[in-house]
Amino acid sequence: MSSTLDAANPQAQNDPSAVESEKAMLTQFTKPNTTYLVEPLGTNKGICRQEPNGQKTCVKFLALEAKQMFTFMQDQGFFCTMALDPKETALECRRV
């Protein structure tokens, strides 16, 4: 079972305050020593983490564009790599 948190509503897309709100949510969502899967494209655009109990927790982003999301992740000290499977679009991000 997974849980999903919405970071913004569709009307907030491209709204600077919504982008800042999503960045604040991303800062609160990330934890040390945790690997994240970041999906930058489509309707499932967001970030997920695996919890210690095996549950997957995700945050969907509606205002942040892919470039903004990855720039922010890098600024927060994360290193992201592409999946080995060429059919996968998610990136794996770890804090370095």
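The model is predicted. The protein has two helices and six strands, and along the sequence they are arranged as β-α-β-β-β-α-β-β. Two disulfides are found, and one of them, between Cys 48 and Cys 58, involves two residues that also turn up among those closest to the centre of the largest pocket.

**Overall fold**

- Of the 96 residues of the protein, 35% count as buried.
- Taking contacts between residues at least 6 apart in sequence, 50% of them join residues at least 24 apart.
- Helix 1 covers residues 16-29, while strand 2 covers residues 35-39.
- Strand 3 spans residues 46-50, strand 4 spans 56-60, strand 5 spans residues 78-82 and strand 6 spans residues 91-95.

**Strand pairing around strand 2**

- Strand 2 and strand 6 run antiparallel, joined by four bridges.

**Disulfide between Cys 48 and Cys 58**

- The sulfur atoms of Cys 48 and Cys 58 lie 2.0 Å apart, and the two residues form a disulfide.
- Because Cys 48 sits in strand 3 and Cys 58 in strand 4, this pair ties together parts that are 10 residues apart in sequence.
- The torsion about the S-S bond is about 110°, so this disulfide of Cys 48 and Cys 58 is right-handed.
- Cys 48 has a relative accessibility of 16%, and therefore counts as buried, the cut-off being under 20%.
- Cys 58 is buried as well, with a relative accessible area of 11%.

**Disulfide between Cys 80 and Cys 93**

- Cys 80 is joined to Cys 93 by a disulfide, with an S to S distance of 2.0 Å.
- This pair links distant parts of the chain, with Cys 80 in strand 5 and Cys 93 in strand 6, 13 residues apart.
- With a torsion of about 110° about the S-S bond, the disulfide of Cys 80 and Cys 93 is right-handed.
- Cys 80 is partly exposed at 23% relative accessibility, whereas Cys 93 is buried at 0%.
- When the bonded cysteines of the protein are numbered in sequence order, the pairing reads 1-2, 3-4.

**Largest pocket**

- If you are looking for open space, the largest pocket has a volume of about 210 Å³.
- The pocket is lined by 15 residues, and the closest to its centre are Glu 39, Asn 44, Cys 48, Lys 56 and Cys 58.
- Strand 2, strand 3 and strand 4 each give at least two residues to the lining of the largest pocket.
- Strand 4 provides the largest share of that lining, with four residues.
- By residue class, the lining of the largest pocket holds seven nonpolar, three polar and five charged residues.

**Leu 26 in helix 1**

- Leu 26 has its place in helix 1 and counts as buried, at 1% relative accessibility.
- Beyond its neighbours within four places in sequence, Leu 26 is in contact with Ile 47, Phe 61, Phe 72 and Met 73.
- The C-alpha atoms of Leu 26 and Gln 76 are separated by 9.9 Å, although the two residues are 50 apart along the chain.

**Met 82 in strand 5**

- Met 82 is part of strand 5, the strand that also holds Cys 80.
- At 58% relative accessibility, Met 82 counts as exposed, because the cut-off for that class is over 50%.

Technical notes:
Residues numbered from 1 in each chain as written. Predicted model: local features only at pLDDT ≥ 70, side-chain atom pairs only at ≥ 80, totals over all residues. Heavy atoms only, no water. Pairing = 2+ DSSP bridges. 1 Å grid on protein atoms, 1.4 Å probe; cavity = no way out; pocket = protein on both sides within 12 Å on 5 of 7 lines; lining within 4 Å. Points joined across faces, edges and corners; volume = space filled by probe spheres on them. Nonpolar A, V, L, I, M, F, W, Y, C, P; charged D, E, K, R; others polar. Disulfide = S-S within 2.5 Å. Buried < 20%, exposed > 50% of the residue type's maximum accessible area, 1.4 Å probe, protein only. Contact = heavy atoms within 4.5 Å.
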